[in-house]
Amino acid sequence: MIAETDPQKMYRAMQAKLAGVVPDFELKIKSEFAAEINRLKVEKNAVILGHNYMEPALFHSIPDFVGDSLELARRAAQTDKDVIVFCGVKFMAETAKILNPRKTVLLPSEKAGCSLAESITAEDVRELRRRFPGVPVVTYVNTYADVKAESDICCTSGNAAAVVESLKTDTVIFIPDEYLARNVAKATGKHIIFPTADPRKKFEDDLDYQMIGWPGRCEVHDKFTVEDIVAVRKQFPDVTILAHPECSPEVVAASDFSGSTTAMIRHVENTSAARYLLLTECAMGDNVAAANPDKEMLRLCSVRCPHMNQITLEDTLESLRKNQYVIDIPEEILKRAARSVERMIAIG
Ligand code: SF4
């Protein structure tokens, strides 16, 4: 975080960090927004949380804390500020609200959704429970509050395998990310089936399944292919490729390392490969490049999340000025969702 409230000083601080990553004319404009956000943040007793996928000028300037969903959920649980501004997408801001029901949580853009969160509804989860009675539901945090409320426990890409193992049951419903479910099944040695979305179709009773998935996908990580990896390796044989577990199991298998965004950042920080390529939302590659000027990051990526991309410094400033957009969750959903999220946080 750069705490400056003076636009000139903010510009120089951002330039020192981001020259070569963000064009200078952009830094000049954005440093003015960032300085004003810092001033308002103090005035309103607000904390700003920034996801690893935020664009570099935002990521490296205004957030008090940056990280992945799990780290930011933990930060949200610990804050003593009156207002939480969530520079991320709606399901993340909802998680912050679930953990801080009495605080004001703001999301700077109403359009910051998520293809995974939209792939499943609370009624879908109730239907799965009817079809598989007694089977615990593990829900990825990339879901809305009403889906979390129908679940037994949440997980992130960083702790999904540990959460599944913690349940000590033979069968688990794991929703909604198909690829994450497959990657977790591989890591835990479980078999997996995907129920059809058509409730009229029944399952074979003697099917040997241990994880029941759901056909949701992240529209960003779904774009990376094994062919991409083969082409990059041909050009840069010494590259280390890191894939997010929302990528397909084939892409993960063809990569050198797979982990949550935080695990990927730590891997780059703690190793000394000739060069790195991150298979995840592309703003993160820029953020890692800016934070590690001594490491060579291949910048071949052009896949931006259209939802994360909605969050800008301009919108964050408007959010603080106008107190918008307030996250509101009905009390009854909030309480049940809190149980699933708190169970996950207790596991770590
Ligand atoms: S990157 Fe994928 S999972 Fe994350 S917010 Fe965007 S669509 Fe959702």
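1. Strand β1 (residues 46-51) is mostly covered, with 6 of its 6 residues buried. Here strands (E, at least two residues) and helices (H or I, at least four) are DSSP runs numbered from the N terminus, and buried means under 20% relative accessible area with a 1.4 Å probe, protein chains only. Both faces of β1 are covered: Ala-46, Ile-48 and Gly-50 are buried on one side, and Val-47, Leu-49 and His-51 on the other. In a regular strand, side chains alternate between the two faces of the sheet.

2. The model is predicted: local features need pLDDT of at least 70 and side-chain atom pairs pLDDT 80 or more, whereas totals for chains, interfaces and linings use all residues. Residues are numbered from 1 along each chain as its sequence is written, and side-chain values use heavy atoms, without hydrogens and water.

3. β1 runs parallel to strand β3 (residues 83-87), joined to it by 5 bridges; strands pair if DSSP finds at least two bridges between them. Gly-50 has Cys-87 as its bridge partner in β3. β1 also pairs with strand β2 (residues 65-67), in the parallel sense, over 3 bridges. In β2, Gly-67 stands opposite His-51.

4. Beyond four places in sequence, Val-138 touches residues including Ile-153, Leu-167 and Phe-174, contact meaning heavy atoms within 4.5 Å.

5. Thr-261 lies in helix α12 (residues 261-270). Thr-261 counts as buried because its relative accessibility is 2%. Leaving aside neighbours within four places in sequence, its contacts include Asn-52, Asp-68 and His-244.

Notes:
Buried means under 20% relative accessible area, exposed over 50%, partly exposed in between (1.4 Å probe, protein chains only).
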